[in-house]
Amino acid sequence: MSHIDVLSVTKLSPLLEPQLRAVFNLHDRVHETDPAAFAKIAPSIRGIAASGESKVPASLIAQLPALEIISVFGVGYDGVDVAAAKARNVMVTHTPNVLNDDVADLAIGLMLAAARQLPAADRYVKEGQWPNGPMPLARKVSGARLGIVGMGRIGQAIAQRGLAFNMSIAYTARSAKADIPYQYFPNPTALAAECDYLVVITPGGAATRKLINAEVLQALGTKGILVNVARGSVVDEAALIEALQNGVIGGAGLDVFESEPHVPEALRAFPHVVLAPHIGSATSQTRQAMADLAFNNLKSHFEGHAVYTPVPECAHKG
Ligand code: 8YV
C-alpha cells in the first residue's frame, strides 16, 4: 500500500507514525509546512491521520478530491467536520473504549489531588515546611456526592470508580439513559447544586460549548470542586477564572483547556487548582492500543474491508 498517499494533519504519536510510514506514503503536515508541495499532492491524498485535538475543517476536505477516510487517534473527534466528510462519503474513525480506564483513572486522580491538595502536600515536604507544623486540613472524597456531566463509556467508568469510594452518583446528559441506575438531572446547573465533585466528560463541539458556565459554577458553590477531562471548550474558562478568583467554587482539577497548550497565567496561579497537560489517555499501554486501532482502521479500509471503529455518524454506512 506504499502507493497510497496519507496526509498527517498533526504531530503524530511516535507509536503511530512509524506504523503508517512503513505501509503508506505519509505526508507530514505539508498542508501547513509547504503549501506549494501540498497543492501538488492534494489530488492524490486518500487518507488523513489526525489526533483528538486536530482540526479537519470542511475547507481541507474540499481540497482533497480523492479523500476516502479520516482516522482519528483519540476518542474525541470534535475537530473533524463530520457532516462535510459524510457529504463526500468520507469515512471517519476514532479510538473509543481502549482509553476508558485511563481517562477515568485520571478523573479520579485529579479529584483526589484537588480535594486532598496532593501537589501542595508534595511541595510542603520537599520544601522542608513540615517541621514548621501541619498543613491546612483538606476535603473528604469518600462518601461525597459525585456529579458526572456526560454518561457515555468514560462517564460510566468514572461512576464505577466513584462507587468504590462510597460516593453517591448522579449525572446529566442530553436525556436520561434507561440502563443507567444513577440519579438523572436535566441540566448541569441542577446537578451542580446537588454534588460536591462535578466531573465533566462529555464530547466537545458546538453542542457543548461553554456548557459549564458562571451559573453552573455558582450552583456548584464553595462546597464543590470541578474536574474537566473532556474538552477545554466545554468549560467557559473566563467564567471559571472569575469563579476561582471570587471564591465561588472550592477548587478545580483540569486536564484540558480552551487554547492548548496555552494555559492562562491566572489559572496557573491558583493554589487550589491542579493542572495536567491533556494526559487523559497518556500511558504507554493505552497510547499503543490507540495507535494500533488508528492504524488498523486505515489499513482495513484500504484493504477493502470494514473499518473497526467508525464514529457513530458513519457507523451505518454500507
Ligand atoms: C488525544 C483525546 O487524542 O481521545 C481523545 O479524545 O483527547 C486524547 O486521547 C491524544 O492526546 C492524542 O493527541
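The legends below describe close-up views of a predicted model. Local features require pLDDT of at least 70 and side-chain atom pairs count only at pLDDT 80 or more, while totals for chains, interfaces and linings use all residues. Residues are numbered from 1 along each chain as its sequence is written, and side-chain values use heavy atoms, with hydrogens and water left out.

**View 1. Residues surrounding the ligand.** The ligand is surrounded by 13 residues, each with a heavy atom within 4 Å of it. The closest are Glu53, Val75, Arg231, His278 and Ser281. By class, this shell has 4 nonpolar, 6 polar and 3 charged residues (nonpolar: Ala, Val, Leu, Ile, Met, Phe, Trp, Tyr, Cys and Pro; charged: Asp, Glu, Lys and Arg; polar: the others, Gly among them).

View 2. An oxygen atom of the ligand lies 2.8 Å from a polar backbone atom of Gly76, and an oxygen atom of the ligand lies 2.9 Å from a polar backbone atom of Phe73. For Arg287, an N or O atom of the side chain is 3.1 Å from a ligand oxygen atom. The protein buries 89% of the 330 Å² that the ligand exposes when taken alone (Shrake-Rupley method, 1.4 Å probe).

**View 3. Ile158 in helix α8.** Helix α8, a DSSP run of H or I with at least four residues, spans residues 153-164 and includes Ile158. Leaving aside residues up to four places away in sequence, Ile158 touches Ala104, Ala107, Ile108, Leu146, Ile148, Val199 and Ile201, with contact meaning heavy atoms within 4.5 Å.

Key:
A polar contact is a pair of N or O atoms within 3.5 Å; within protein, one must be able to donate a hydrogen and the other to accept it, and residues adjacent in sequence count only if both atoms are side-chain atoms. Helices (H or I, at least four residues) and strands (E, at least two) are DSSP runs, numbered from the N terminus.
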